Amino acid sequence: MRKNIILIVLMIASLIMSACSSKESAAESSDFPKRPIELVVPFGEGSASDTFARKFAEIMSKSMEKPLQPVNKDGSGGLVGMVYAHGQANDGYTVLEVTPSHVIADVLGKGKDMKFLEDFEPLARIQSDIYVLSVPANSEIKSFDDLVEIGQDKEISFAGVSPGGLDDLTLNALADATGVKVKFIPYGSGSEVKAAVLGGEVDVYLDKLINTVGYIRDGKVTPLVVLNDERVTRVDELKDTPTTVEKGYDVTIGSWRGFVVKKDTPQEVKDYLLDQMKKAYETEEYKNFNAESLTDIREGFLGPEDFKSAMLEDYETFDKVAKQTGLKD
């Protein structure tokens with residue numbers, strides 16, 4: 001009898017301690033944030049992703065008790081930053097900016113024992129970029145129809161920083177849909193890629209809308225097709241440029257930017273961060289920045305569930321292309 005009483009007392013004490021611990025955890029989460037939050041930017045300073053992350057963090061911080069502080073962890077196409085964020089506590093004090101490069105890392109197994117889609121939880125997608133396919137101004141290729149016709153007989157060359165990157169997989173997806181033969185030529189940096197295009201060393205130039213418009217206006221490149229479902233009529237230089245969907249090819253891959261946290265971050269913390277991101281997204285300051293970046297043509301914002309679904313769709317697309325190109329067995 002005495003043993004049973006002692007056992008019951010111990011069980012009750014254990015339950016009380018557990019309840020107290022849960023209350024303390026909930027209290028700690030409700031007090032979030034108690035210190036500045038680190039925003040890991042997995043790309044170099046001055047890049048499009050860096051510019052976006054810093055501006056968005058600045059806007060978010062205006063309504064937060066503690067600021068969101070960007071820190072660059074550049075290297076291996078976003079992998080270095082992802083590994084760094086994975087090594088931090090799952091308490092919400094480390095937020096990782098992500099792009100399609102992180103989904104591609106999963107496709108190609110670059111993270112080894114770490115899986116982006118399994119080890120991180122999405123908060124929100126904020127931006128969605130549109131790709132434009134162009135040719136140097138003096139190219140013999142004058143239209144997208146020319147490209148398809150010529151490319152079915154001979155290889156069309158394009159420049160990139162690394163095989164298996166977003167540009168490589170996107171152009172190969174378009175090549176697969178059209179029957180065009182493409183050849184990837186590696187260069188050491190983005191500036192070298194642009195120089196190769198303008199110097200006529202490669203046949204085509206695939207890049208984001210904001211990066212391409214200036215070259216079109218200066219007469220250095222000719223746009224052939226926009227990877228989108230609707231024409232970009234807001235930009236005068238592109239209002240007469242057809243889209244891939246218009247041409248009968250359902251290839252609308254583009255870049256995007258969003259934020260994730262490590263798996264098993266407390267729900268209260270994720271809710272707080274998501275709420276702050278929604279507020280920042282709706283500010284006039286961000287809307288103006290988004291418009292100037294030409295990243296407001298396609299709706300950018302997706303909540304956690306929709307963002308997850310979109311990334312899984314991207315995984316399937318990139319996985320298929322990677323296997324077709326021999327990048328993945």
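Student: Which residues of H4 are buried in this predicted model?

Tutor: In H4 the buried ones are Pro 100, His 102, Val 103, Ile 104, Ala 105, Asp 106 and Val 107. That is seven of the nine residues of helix H4, which runs over residues 100-108.

Student: What makes His 102 count as buried?

Tutor: Buried means under 20% relative accessible area. His 102 has a relative accessible area of 1%, so His 102 is buried. As for its place, His 102 is in helix H4.

Student: What does His 102 touch, leaving out residues up to four places away in sequence?

Tutor: Its contacts are Pro 42, Phe 43, Gly 78, Met 82, Glu 97 and Phe 116.

Student: And what covers the buried residues of H4?

Tutor: The cover includes helices H3 (79-86), H5 (116-119), H7 (166-178) and H12 (304-324), along with strands E3 (94-98) and E10 (256-262).

Student: Why is Glu 192 called partly exposed?

Tutor: Under 20% would be buried and over 50% would be exposed, with partly exposed in between. Glu 192 has 39% relative accessibility, so Glu 192 falls in the partly exposed class. Glu 192 lies in helix H8.

Student: How far apart are Glu 192 and Leu 327 in sequence and in space?

Tutor: They are 135 residues apart in sequence, and their C-alpha atoms are 23 Å apart in space.

Student: What makes H2 and H11 roughly antiparallel?

Tutor: Let's start with the angle. Helix H2 (residues 48-61) and helix H11 (residues 284-292) pack at about 165°, and their axes are 10 Å apart. Angles over 145 degrees count as roughly antiparallel, so H2 is roughly antiparallel to H11. H2 also passes H11 in a right-handed crossing.

Student: Which residues make the contact between H2 and H11?

Tutor: From H2 they are Thr 51, Phe 52, Lys 55, Phe 56, Glu 58 and Ile 59. From H11 they are Glu 285, Tyr 286 and Phe 289.

Student: Why are E2 and E4 called edge strands in the five-stranded sheet?

Tutor: The order of this open sheet is E2-E1-E3-E10-E4, with mixed pairing. Strand E2 (68-72) and strand E4 (120-128) each have a single partner strand, so one side of each is left without a neighbour in the sheet. From one strand to the next, the twist averages 25°.

Student: How do you know that E4 and E10 are paired?

Tutor: Two strands pair if there are at least two bridges between them. E4 and E10 have seven bridges, so they count as paired, and the sense is antiparallel. Within this part of the sheet, Ala 124 stands opposite Phe 259 in E10. Helix H2 packs on the sheet too, touching strand E1 (37-41), E2, E3, E4 and E10, and its direction makes about 165° with that of E2.

Student: What makes E8 and E9 the edges of the three-stranded sheet?

Tutor: This open sheet has the order E8-E5-E9, with antiparallel pairing. Strand E8 (205-208) and strand E9 (221-226) each pair on one side only. Here the twist averages 35° from one strand to the next.

Student: How do you know that E5 and E8 pair?

Tutor: The cut-off is at least two bridges. Strand E5 (residues 131-136) and E8 are joined over four bridges, so they pass that cut-off, and they run in the antiparallel sense. Leu 133 has Leu 206 in E8 as its bridge partner.

Student: Which helices lie against this sheet?

Tutor: H7 packs on the sheet, touching E5 and E8, with its direction at about 85° to that of E5. Helix H8 (residues 190-198) lies across E5, E8 and E9, running at about 135° to E8.

Student: Which residues have the most contacts inside the largest nonpolar core?

Tutor: Phe 116 and Leu 133 do, in a core of 47 residues. Another core, of 28 residues, lies apart from it, and among its members are Ala 53, Ala 124, Phe 259 and Tyr 286. In soluble globular proteins, nonpolar side chains tend to be buried together.

Student: How many helices and strands are in the protein chain?

Tutor: The protein chain has 12 helices and 10 strands. Of its 329 residues, 47% count as buried.

Terms used. Residues are numbered from 1 along each chain as its sequence is written. This is a predicted model: local features need pLDDT of at least 70, side-chain atom pairs count only at pLDDT 80 or more; totals for chains, interfaces and linings use all residues. Side-chain values use heavy atoms; hydrogens and water are left out. Buried means under 20% relative accessible area, exposed over 50%, partly exposed in between (1.4 Å probe, protein chains only). Helices (H or I, at least four residues) and strands (E, at least two) are DSSP runs, numbered from the N terminus. Contact means heavy atoms within 4.5 Å. A nonpolar core is a set of buried Ala, Val, Leu, Ile, Met, Phe, Trp, Tyr and Cys residues joined through side-chain atoms within 4.5 Å. Axes are lines fitted to C-alpha atoms, for helices over the stretch in contact, and angles run from 0 to 180 degrees between N-to-C directions. Angles under 35 degrees count as roughly parallel, over 145 as roughly antiparallel, 65 to 115 as roughly perpendicular and the rest as oblique. A crossing is left-handed if the near helix is turned anticlockwise from the far one by less than a right angle, and right-handed if clockwise.
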